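Morning, everyone. Please have the structure open.

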Protein chains: 2
Amino acid sequence: MSTHKDPTISIIALGGRGEIGDNMLVIEDDENIIVLDSGIMFPEDDQYGIDLVMPDISYLVSNKDKVRAILISHGHEDHIGAIPYVLRDLNVPIYGTRLTLGLIQLKLKEFNLSSTTSLIEVSPGEKVQIATFNVEFIHMNHSIPDSIAMVIRTKAGTVLYTGDYKIDHTPIDGKPADLQRLGQVGAEGVLALLGDSTNAEREGTTLSESVVSNTIEETFKLVNSRIIISTFSSNIHRVQQVFQAANKTGRKVAITGRSMINVITLASQLGYLDIPDGIMIDIRQIHSLPPQKVVLLMTGSQGEPMAALTRISRGDHRQIEILPGDTVVLSSMPIPGNERSIGQTINQLYRLGAEVLYDGMIDAHASGHACQEEMKTMLNLIKPRFLIPVHGEYRHLHHHARLGRQVGIPEENIFIVDNGVRLNLTKDRCWIAGSVPSGDILIDGLGVGDVGNIVLRDRKMLSENGIVIVSLTIERKTAKVLAGPSILSRGFVYIKESKELIEEAEGLAREALRELEVKGVTDWATIKKVVIDSIDNYLYQKTKRNPVILPIIMEI
Amino acid sequence: MSTHKDPTISIIALGGRGEIGDNMLVIEDDENIIVLDSGIMFPEDDQYGIDLVMPDISYLVSNKDKVRAILISHGHEDHIGAIPYVLRDLNVPIYGTRLTLGLIQLKLKEFNLSSTTSLIEVSPGEKVQIATFNVEFIHMNHSIPDSIAMVIRTKAGTVLYTGDYKIDHTPIDGKPADLQRLGQVGAEGVLALLGDSTNAEREGTTLSESVVSNTIEETFKLVNSRIIISTFSSNIHRVQQVFQAANKTGRKVAITGRSMINVITLASQLGYLDIPDGIMIDIRQIHSLPPQKVVLLMTGSQGEPMAALTRISRGDHRQIEILPGDTVVLSSMPIPGNERSIGQTINQLYRLGAEVLYDGMIDAHASGHACQEEMKTMLNLIKPRFLIPVHGEYRHLHHHARLGRQVGIPEENIFIVDNGVRLNLTKDRCWIAGSVPSGDILIDGLGVGDVGNIVLRDRKMLSENGIVIVSLTIERKTAKVLAGPSILSRGFVYIKESKELIEEAEGLAREALRELEVKGVTDWATIKKVVIDSIDNYLYQKTKRNPVILPIIMEI
């Protein structure tokens, strides 16, 4: 049994928008903190006008002196996107593999932070000592190369953090996840597993990228037209597959879109992408080749409004338009929430005469995350004393926990906890020990965290029924109305067509003000309230809408 | 070959929100028009603040004298929801089966239209003559009872409209779709098939409701806890299955939610629902029974914000709260666009300690629409000369057309057309003959069609960045500023925390106005423009946000 003298560590998940620990994990002992990943999320529908959502890092800021490093598992936005914002408050070194650091570097340049940040490159197999923590990196498979798991040796025991992963036995770069090392680490004894739960609802195993390679190659061979293929720019394996398939089938590849070009340039400079000689052509050359010799590679598989494929589907891309007979391949699966915009892109592509291959129609996509059988493989390789499911919504964690019980981890050793909950661990105990501040910090333009609930609530109300502004000028002393009340609206009704409604409302406000004048009321608060009350009900009766009503009173 | 004397009819699809002909179809000859269905859609995400979307019926209104009847295929909102709005302009009789009319009646009462509307009940097998059209009704399967296809015999030939359908050989009411009659009608010769395309992307056949029955019964038997089961209130077969399964497994059923209670009451009054004696209990009695004897039936399977299950998951239902161990069954599949809200409901239910069964976890749901094999069965029963896919987005129509080609309909005899396109048909020809007004009419509160693009655009802009109002009072003749400029905002920044920003902007506006005064400029348009320009750039520089800037100028 443990005693009160046993060394204790804490693990805290932080992360935005209802996913648990996906953006950031914190590991802490009495003297030191290390941070695993620093990512952002894209906003929910009801986070009006918000650009990005990052985790609340106020706990880290108030323990600034303990924070030693940020370690990054892979180069996706939900793991690196918050780095520029975190660095403002915590200028600590960042550890990551080569490609991951390359992608972070792009980001730091954008924010003018490259010269003030230390980036420390690590490789799978390597171990680094960061204060009291010894961290070893293990190669994993994911939808971006150079993804790693981390073996974090602490005073209390070993913590294994999987990062985002899948187990691909036949990946296209020839480097399957390092199961042997995972097995060795497991055999040495692992106190806690922080494991990716994203696909915990999906049975079986994730498709191998080589199946996807074959499908893409077959498609390039069989289709006798131009191919437009769309995926995430960061999916460098997929990009590699496209180049390989084009090479084997005698097609040339043109790429379009800033992020696609940036990532391809970086990945090939760093040696993660092997572009066969002479296969790339400029987008302006595509018309000089017969259609069956052309592949166009771009983003937009999620129906993102500004991505190349989406713009092409709307007919507003500068250089490319759909030709009847084009075959469009969406090499991705819908991210929940994107179904309608993807559907609209597909509709538009069909309207323009393209053939479209999407979803399950061909095996043109494999998830980047482990399904249930791979998760059980991970659990049995590691055999952790405690299982802490992370990465995913609550329901994914729930299913990951179920898998843990299936492979024999006692229920009381499995901890599904929310962002901000502090889990304490000693060599043989794990318990909830309070919580730290956590939640969504909203980024809107340059503002980080300055859009709060009041502003969001206002945006929601404005979006639903618009705003009605009643303005008047009064004499300072007497509160006599000198001008107005006059009404203006935005997003409520089209004023030109609702002249009568507005005039009637102005009349009601005028009458109410006259009564106040008679009574000699001069205080603003009352005047404002009376103005609102005078038209609020009337507008609702006439329209069954509840606009924001804003009285503006000027004094002379 | 046809001659110019051959009788001609027109078919026009009308419908909202990018689905083609789902809400309304128009069949017209030289003297008469009949309307098939009158439904509404729920708004898209970018239709801010809109309650419902209905088809533009201005073509019908301008041909009012020709419109003889509205015929309804089944009682779902996307086929009956626009009736109260259509009746304002077109008071014609409405034909439908008993349950369909019952549901329409509920709606008419709400709108105070029952006494002025003629409802004419029809039955499968029956034929009615409506002016020059003879219409026969054929029993079909769908996710609501009493659904019918229509055989419309016109001067040009027979048109078969499937309505929404599937072919269930073992439905729980013992009435499979009337394939024999479809075969006879097909053998007599069908000019055009207007066929449901909803599931044209799905291979195979739709699950039978009896499979679902078995699953529900098994679940009720195996689960040793309270069952909460959620489906659409209109899915009366599913409701029937729940009562049956409860009866067989010794459970009692309590229902909650206004629409669920209304529809169950109506369906059992009309004989569409057989509620075993003594099986229903009041929601207040549930605690007097052991949990394994209780079933709670309610809506909310789509995460609809106000539905019972959603409220329970948020912990704000007046009468029901989740007890640890409860099993929740979502007896439905996500409608595209609802994935995130359904996911959030599931997360919340797990957090509260419930077990949740959803999506493919058990066969607790069957679609109401035909999959590819059923669609081919329909095509081969009817063997229409012309195929006009309807009901679905463009991509669904595209796949329906592909199935048509597979069964041998020549490509030139298949017409994928948009809402509003007029298809003319004679006994052996079909061609596009122009178009009529069509599109989304937006319903917001009491307003039908009064929210147009300008109001929507304003709502979108307001929702993204809020509004900044600059108000000032000027002297009429001289344009001298008497009060202001003062700035107020909503949904932009939280003003209390952004005092400096606002004061600086006021300063800039004041300066710009002073310059105008010096120059003696007095016209409003210039003053407004100068006010906007003076702060627009500044606010963007400081925040990278683009609020709506609204100058308000009062004159004395």
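Start with strand 12 of chain B, residues 192-196. Strand 12 pairs with strand 18 of chain B in the parallel sense, over five bridges. For a landmark, take B:Gly195, which stands opposite B:Pro389 in strand 18 of chain B. Keep in mind that this is a predicted model.

Now the whole sheet. What is the strand order? In chain B it reads 8-9-10-11-12-18. That is an open sheet of six strands, and the pairing is mixed. Which strands stand at the edges? Strand 8, residues 127-130, and strand 18, residues 386-390, both of chain B. Each has a single partner strand, so one side of each is left without a neighbour in the sheet. From one strand to the next, the twist averages 20°.

Next, strand 10 of chain B, residues 147-153. Is strand 10 mostly covered or mostly open? Mostly covered: six of its seven residues are buried. Buried here means 20 or more other C-beta atoms within 10 Å of the residue's own.

Take strand 9 of chain B, residues 133-140. Strands 9 and 10 pair antiparallel, over seven bridges. In that pairing, B:Val135 stands opposite B:Ile152 of strand 10. The hairpin has six residues between the strands. Look there for B:Asp146, with a positive phi near 65°.

Then strand 11 of chain B, residues 158-161. Strands 10 and 11 also run antiparallel, joined by four bridges. Here B:Met150 has B:Tyr161 of strand 11 as its bridge partner. This hairpin has four residues between the strands. B:Gly157 takes a positive phi in this hairpin, near 150°.

One general point while the sheet is on screen. In a regular strand, side chains alternate between the two faces of the sheet.

Now the contact between the chains. How many residues does each chain give? Chain B gives 54 and chain A gives 54. On the chain B side, these elements give two or more residues: helices 10, 12 and 13, and strands 23, 24 and 25. Which element gives the most? Helix 13 of chain B, with eight residues. Helix 13 spans 453-465. By class, the side of chain B that touches chain A has 21 nonpolar, 17 polar and 16 charged residues.

That's the tour. Questions, please.

Note on methods: Residues are numbered from 1 along each chain as its sequence is written. Chains are lettered from A and ligands numbered from 1 in the order in which they are written. This is a predicted model: local features need pLDDT of at least 70, side-chain atom pairs count only at pLDDT 80 or more; totals for chains, interfaces and linings use all residues. A residue is buried if 20 or more other C-beta atoms lie within 10 Å of its own, exposed if 12 or fewer, and partly exposed in between; C-beta atoms are placed from the backbone. Two strands pair if DSSP finds at least two bridges between them. Two residues are in contact if their C-beta atoms, placed from the backbone, lie within 7 Å. Ala, Val, Leu, Ile, Met, Phe, Trp, Tyr, Cys and Pro count as nonpolar, Asp, Glu, Lys and Arg as charged, and the others, Gly among them, as polar. Axes are lines fitted to C-alpha atoms, for helices over the stretch in contact, and angles run from 0 to 180 degrees between N-to-C directions.
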